[in-house]
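The following exercises guide the reader through a structure, one topic at a time. Each task is followed by a worked solution.

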Amino acid sequence: MPRLTSVLGYTGAALTALAALAGPFVLYGAFTQGIAAMGLRINPVYSGGPPAREITRPGYRIVVYRPVVPRAPFSFARSFVQLAWTPAGALPRRVEDAVDLDGDGRVDLVARFDVPSDAAAPLFLDVTPAGGRVLPLRHVSRGSFSALIARVGDRIVTRIPLAPR
Amino acid sequence: MADPVVLETTRPAPRSIGRSALLTLPLLLWALLMFSHAVDLRENAGRAAALLTCAFMVALFFLMVRTRRTYRWRRVFFVALGVLFPIGFIAQLYALRGSMSIPVERMLSGDTPFCFLAIPMLIVPAALTRTVIFPGSILPTASNPHSVATMIAVWFAATLVLGKAWCAFGCFFGGIEEGFAALPRKAKLRDLPPRLRWVPWSVLAAVVLLSAATFEPTYCMWLCPFKAVTEFPEVRSAQTAIQFAIFGMLFGGLVVVMPLLTRLRTQCTLLCPFGAFQSLFNKLTVFDVRIDRSRCTDCVACRRACPTLVLDEAAVTAGGPGISCMKCGACVDSCTKQAAVWHVKGTPIAARPETARLLFLYPAWSFATLFGGSIIAGSLAQLLRPLLH
Amino acid sequence: MLGNLAEPALLGFSSGLVCLAACGPVVLPWLAAAGEGGRGTARLLAQFLGGRLVGYLGFASLAWAIGLALPLPARTNAFAYGLVHIALAIALLVFAVPARRRPEPCARLSIFRRATTRSGFLAPVLLGFLTGLNLCPPFVAAGVRAAERHSLPGALAFFLLFFAGTLVWFLPYLGSALLRRLPAVPTVARYTAALVAVYYLLLGGLTLGGAWLHG
């Protein structure tokens with residue numbers, strides 16, 4: 001029995017060395033694919049959720065994302081809906097858009113922001129609710145994950161907090 | 001308890017240079033292979049960094065083999081990693097965006113590089129909702145090669161090989177406090193209550209439970225001292241200001257001041273939940289450190305040498321430090337009776353300790369060369385670029 | 001009739017995972033620190049759930065009686081949220097963190113001291129009560145539905161059935177009795193409770209501060 005356990009121990013040691021050598025060539029790639037195959041996605045509080053619909057405007061479009069409702073009771077993040085104006089380069093200097101969030105024919109909010117020529121300049125968002133689905137915002141820049149406006153690549157991303165139901 | 005110094009020991013004579021070189025040869029080949037891919041060899045700085053790092057890692061391994069000691073040479077690598085990683089990282093941040101703070105745009109676009117410290121907190125939320133509570137990307141992208149899947153894959157492979165020895169051979173933060181702990185000759189603060197070594201387990205339990213309740217990576221948001229030397233959310237509210245203050249205090253206290261006072265790795269010993277998490281995987285590895293009770297004279301040299309308070313009186317009596325041992329080699333190198341030994345599970349204790357040590361060092365140093373060595377080479381390349389351009 | 005019974009129970013069952021996660025930071029350290037066996041853990045958990053039920057029913061009665069329409073205004077919500085978290089933190093620091101000793105078998109103890117010892121009922125009931133008040137989204141959703149009931153007994157019955165629906169998710173907490181085999185667990189659990197308490201203090205303070213400054 002002691003001989004058997006010794007053989008097993010040294011076998012394990014050899015396999016460990018093999019694993020260390022195989023790591024960069026086989027293991028990392030296999031593990032990466034395995035984790036990717038698990039169907040995980042980034043939490044929508046960070047990613048903004050999946051796109052739900054698009055609203056076409058002359059020269060650009062508004063992507064409306066599915067509302068994000070944090071499931072965790074103690075989360076600092078509130079419920080919000082993300083909207084993205086794209087392409088940012090085609091936007092007028094002043095954007096003022098009435099947005100129907102769910103395609104029911106009723107305007108839910110009016111969003112206003114200026115688009116400076118300097119891509120690094122800060123952006124400020126004003127939102128006027130129409131119908132009680134969202135909360136008003138005044139001169140919000142990058143306040144929190146649930147109320148912000150930011151330039152991300154070729155998109156102007158906004159997040160507007162939802163009114164409590 | 002006196003200072004955790006590694007005492008001079010009565011041990012076998014150093015291995016001959018020829019035999020040491022022969023045993024180092026596989027590592028040399030491995031290092032050459034790794035560094036040919038780790039940095040951009042088309043530029044002078046890349047070639048110089050690759051050469052320097054290769055020579056550095058191979059030389060240290062040669063010295064470990066020749067002197068039959070582990071801790072002293074491993075520490076040189078670890079401190080170099082702990083110093084160069086933040087330098088390279090911060091330099092990159094300033095080159096990219098002129099600041100260490102993470103702009104919200106980076107989080108919204110999923111470009112935040114994934115940190116392994118977040119892994120324990122992701123498990124429950126991912127199991128409940130299949131979402132990852134980290135503002136990164138699942139798969140690597142051009143702007144974010146350090147994706148969730150990639151870094152978890154690296155961690156998993158490393159854990160299979162090292163177990164908790166990640167904390168001594170892989171963690172690019174641990175070397176910072178190990179460097180500070182090595183500076184003073186004597187500890188000014190001694191006899192920390194041994195029960196404090198349970199705090200990392202409490203931190204692990206608390207951040208896992210709170211992350212499941214809040215769906216936010218609690219440790220990253222409130223407790224990570226290494227935010228002070230990497231990147232942190234922009235300070236633009238009372239909450240982020242408090243968070244930044246906490247990061248700074250923890251770094252200053254546990255990573256700088258306490259190691260200088262105690263000569264211990266106090267952040268690892270008193271806070272790090274990832275270390276506690278890695279301890280759970282120490283059962284996977286076939287290597288451990290044991291105390292041969294037939295040779296031990298209870299001189300407490302090993303206990304003084306242990307940098308993380310793992311080796312207490314009960315552990316020595318029980319014949320080994322248990323699952324929280326990070327296999328740094330301090331206790332083995334300090335033992336004057338060769339009672340503290342490297343060991344392969346299943347084999348008789350102290351039967352072939354040097355064989356066990358070498359069998360452990362090959363995979364451990366291979367991983368260290370691949371992972372830590374590539375970080376060192378990358379940072380060196382950045383520092384040398386202005387000089388060698 | 002069956003449909004009326006099923007709705008709150010199903011709402012509770014579907015929300016139970018959130019309740020499990022929300023109560024975890026309080027319940028698990030508390031149970032692990034108590035170091036009780038299977039029966040003792042079940043007793044403590046039952047007392048905790050009893051306190052939680054009292055919290056639910058008490059809030060339902062208050063809201064229905066004074067005619068509050070849920071959801072509460074944001075500022076009121078924030079104040080309540082902040083105060084409950086600070087109270088939870090204090091309760092954890094008082095009951096879960098100190099190393100408790102069993103009372104001498106023959107000692108004469110006041111009712112209060114008996115209630116606050118390890119085998120006493122005050123701690124789990126209070127912790128359950130405060131956790132029940134935490135105004136988590138499923139709780140608020142149930143509150144909105146309950147407030148729509150035409151009578152107070154109807155509202156209370158709704159909350160009772162909602163509570164019953166969440167109960168099955170708390171059964172895994174009984175497994176914490178297995179942890180007593182590890183001698184370090186009570187120490188780790190007490191330190192965990194202290195850390196959770198500090199977090200709740202911070203959370204509560206920030207929420208109160210934000211509500212006071214911004215409304």
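**Exercise 1.** Which strand of chain B do two bridges join to β1(A), and do the two run parallel or antiparallel?

*Solution.* The model is predicted: local features need pLDDT of at least 70, side-chain atom pairs count only at pLDDT 80 or more, and totals for chains, interfaces and linings use all residues. Residues are numbered from 1 along each chain as its sequence is written, while chains are lettered from A and ligands numbered from 1 in the order in which they are written. Helices (H or I, at least four residues) and strands (E, at least two) are DSSP runs, numbered from the N terminus, and two strands pair if DSSP finds at least two bridges between them. The partner of β1(A) is β2(B), residues 131-132; two bridges join them, and they run parallel. Within β2(B), B:T131 is the bridge partner of A:R41.

**Exercise 2.** Describe the side of chain A that touches chain B.

*Solution.* Begin with the extent: 43 residues of chain A are in contact with 44 residues of chain B, where contact means that C-beta atoms, placed from the backbone, lie within 7 Å. Next, locate the elements: α1 (2-36), β1 (41-42), α2 (44-47) and β10 (147-152) of chain A each supply at least two residues of this side. The largest share, 21 residues, comes from α1(A). Finally, sort by class: there are 26 nonpolar, 13 polar and four charged residues. Here Ala, Val, Leu, Ile, Met, Phe, Trp, Tyr, Cys and Pro count as nonpolar, Asp, Glu, Lys and Arg as charged, and the others, Gly among them, as polar.

**Exercise 3.** In what order do the six strands of the open sheet of chain A lie, and why is one side of β2(A) and of β9(A) left without a neighbour?

*Solution.* The order is β2-β3-β4-β11-β10-β9, with antiparallel pairing. β2 (51-57) and β9 (142-144) of chain A stand at the edges and have a single partner strand each, so one side of each lacks a neighbour in the sheet. On average, neighbouring strands are turned by 25 degrees against each other, direction ignored; axes are lines fitted to C-alpha atoms, for helices over the stretch in contact, and angles run from 0 to 180 degrees between N-to-C directions.

**Exercise 4.** Trace the surroundings of β10(A).

*Solution.* On one side, two bridges join β9(A) to β10(A) in antiparallel fashion, and a hairpin connects these strands through two residues. A:R142 has A:L148 as its bridge partner, and A:S144 stands opposite A:A147. Then turn to β11(A), residues 155-161, which five bridges join to β10(A), again antiparallel. A:A150 stands opposite A:V157 of β11(A). Two residues lie between β10(A) and β11(A) in their hairpin, and A:G153 in the turn has a positive phi of about 65 degrees. A residue is buried if 20 or more other C-beta atoms lie within 10 Å of its own, exposed if 12 or fewer, and partly exposed in between, with C-beta atoms placed from the backbone. Five of the six residues of β10(A) are buried, so the strand is largely enclosed by the rest of the structure.

**Exercise 5.** How many helices and strands does chain C have, and what does C:L92 touch?

*Solution.* Chain C has eight helices and zero strands. Of its 215 residues, 42% count as buried. Not counting residues up to four places away in sequence, C:L92 touches C:V26, C:V97, C:A193, C:V196 and C:A197.

Methods. Contact = placed C-beta atoms within 7 Å.
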